[in-house]
Amino acid sequence: RPASSAAMCVFRVSNINNLKSYYESDVLLNLAPYMDKMPNLKATFTDLEWGRVSFDGGIYAIPRKGEGNYNCWYIRQDWLDKLQMDAPETFDDLLKVAIAMNNADFDGNGKNDTYALSGTYDSKYNRSAFDGFYTAYGVTAPAGILIRDGKAVMSCTLPEFRMALETIRTFVEAGVVDPEILSNTNSTMIEKMATGKVGIAYGGWANYSKPAFVKQLSAVDENASWGPMSKNIKTEYGESGASQSASCYDAVFAINADLAQEPEKLDAVLKLFDYLATEEGMRLMSFGIEGVHYEMNGDTVVKLPAMGELTYAYGIQFIGRDDMTYCMTKFANCADIIQYCATEVPMVYHYGSMIEQPEGVNVADIKSYVLEKTAQFIYGSRPMSEYDSFLSSLYSTYNLHAYLDDATAQLTQIGYIK
């Protein structure tokens, strides 16, 4: 059990497989008989959202409101201006810009140590260095589960993914891709971006556009101007954008089954969750106390200085928040980029986090294998001529067929596949 007693009334469950494990261990309270006591909460989420926390007709967790997209391609606009080049619209354009950035020696050290394109490799926040390539071909990171023609498929098995890899290879062969992407962290990215080692980076506004990060990024060159690409790269298969779980948020909160033995305490917990789903409760968890941390101007939340004293509210936002309102209010200085990422960056959705691991399949092993081999294809230690052999091993050794068949059945049951 997640606690030795009923003292832990409510607890966070990070993914669907952990939730299923708790359900099978009789740890979770079935919320179905209590939904009429939480009308505001019940109305907050769709049948699909309730469906992904349901087992055998019971409801065993509380979903969380999804977050918007935070991610896009960032570019050194001041470098683009110095090169007198337009914002790229195709991968051919992007390659020309990248080569020009590589050759310009903007950091002035006389060394060939600038790689135009960089980022991190495997990110749980969907911020892979190559997401801009993948999404332009209508796919996601290699181990992502997508829906095609009424069936679950893995991104790396699709012909469009192979096209994305071929395009990435073109950039690698041109020498414009950071060879350290596999080991990069957000901290090393900030350093590389600040010191003129990188001109184009895929990432989130929360990592690159908050004032503290803007200060870091301009510490070496006060004229450094990092911002989102003004245009999305287009192919016949899609536009460079971002990827996100179709649930928009995968962790959920559950109530300890032992609480059924303490009706008064259970009633208080149910009332709390229902209150959080009201407008007043949502504002309290997001912005603090009206008149102290914020004030209302009509329907608009106006930030007061004391709001800056509130930290780690994320941990108590049990059912999430109205993400756009929250971010635009708390981080008003990032309003333009927040709105851009949320409304103008195309999305490709994946579904893997909502799938229970079937018996006889190790999903973690599949993901590790796929990420490792994809990196080899990207950097050329394994030729693309062996891609079919890679896929064959994925099916024969890792039982991918069983995983995808089970994923199709589960996504059909939840309602994502009609």
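Analyst: A nonpolar core is a set of buried Ala, Val, Leu, Ile, Met, Phe, Trp, Tyr and Cys residues joined through side-chain atoms within 4.5 Å. Buried means under 20% relative accessible area, exposed over 50% and partly exposed in between, with a 1.4 Å probe and protein chains only. The model is predicted: local features need pLDDT of at least 70, side-chain atom pairs count only at pLDDT 80 or more, and totals for chains, interfaces and linings use all residues. Residues are numbered from 1 along each chain as its sequence is written, and side-chain values use heavy atoms, without hydrogens and water.

User: Which residues touch the most other members of the largest nonpolar core?

Analyst: They are Trp73, Phe130, Met154, Trp205 and Leu394, in a core of 95 residues. Helix H15 (residues 363-379) supplies its largest share, eight residues. Helices (H or I, at least four residues) and strands (E, at least two) are DSSP runs, numbered from the N terminus. A second, separate core has 37 residues, including Ile16 and Phe273.

User: What about helix H14, which residues are buried there?

Analyst: In H14 (residues 335-343), the buried residues are Ala335, Ile337, Ile338, Tyr340 and Cys341. They pack against strand S4 (71-76), helix H9 (205-208), strand S9 (226-228) and helix H13 (323-330); contact means heavy atoms within 4.5 Å.

User: And which sheet holds S4 and S9?

Analyst: An open sheet of four strands, in the order S5-S8-S4-S9, with mixed pairing. Strand S5 (117-118) and S9 are the edge strands, each pairing on one side only. Two strands pair if DSSP finds at least two bridges between them. S4 and S9 are antiparallel over three bridges, and Tyr74 stands opposite Pro228 in S9.

User: Moving on, how many cavities of 30 Å³ or more are there?

Analyst: The search of the whole structure finds two. On a 1 Å grid over the protein atoms alone, a cavity is a set of points where a 1.4 Å probe fits but cannot get out; a pocket is an open set with protein on both sides within 12 Å along at least five of seven lines; lining residues have an atom within 4 Å of a point. Grid points are joined across faces, edges and corners, and a volume is the space filled by probe spheres set on the points.

User: What lines the largest cavity?

Analyst: Its lining includes Cys72, Trp73, Lys231 and Tyr340, around about 80 Å³ of space.

User: And the second largest cavity, what lines that?

Analyst: Asn15, Ile16, Leu19, Arg52, Val53, Asp250 and Val252 line this cavity, which has a volume of about 30 Å³.

User: Is Arg52 buried or exposed?

Analyst: Arg52 is buried, because its relative accessible area is 7%. Arg52 lies in the loop between helix H3 (47-51) and S2. Leaving aside neighbours within four places in sequence, the contacts of Arg52 include Ile16, Asp250, Met354 and Ile414.

User: Which residues lie nearest the centre of the second largest pocket?

Analyst: Ser54, Phe55, Glu356, Gln413 and Ile414, among 14 lining residues. Helix H1 (16-24), strand S2 (54-55) and helix H17 (400-414) are the elements that give two or more residues to this lining. The second largest pocket holds about 260 Å³ of space.

User: Last topic, how do S14 and S15 pair?

Analyst: Strand S14 (residues 294-297) and strand S15 (residues 300-303) are antiparallel over four bridges. They form a hairpin with two residues between them, and Gly298 in the turn has a positive phi of about 70°. Glu295 stands opposite Val302 in S15.
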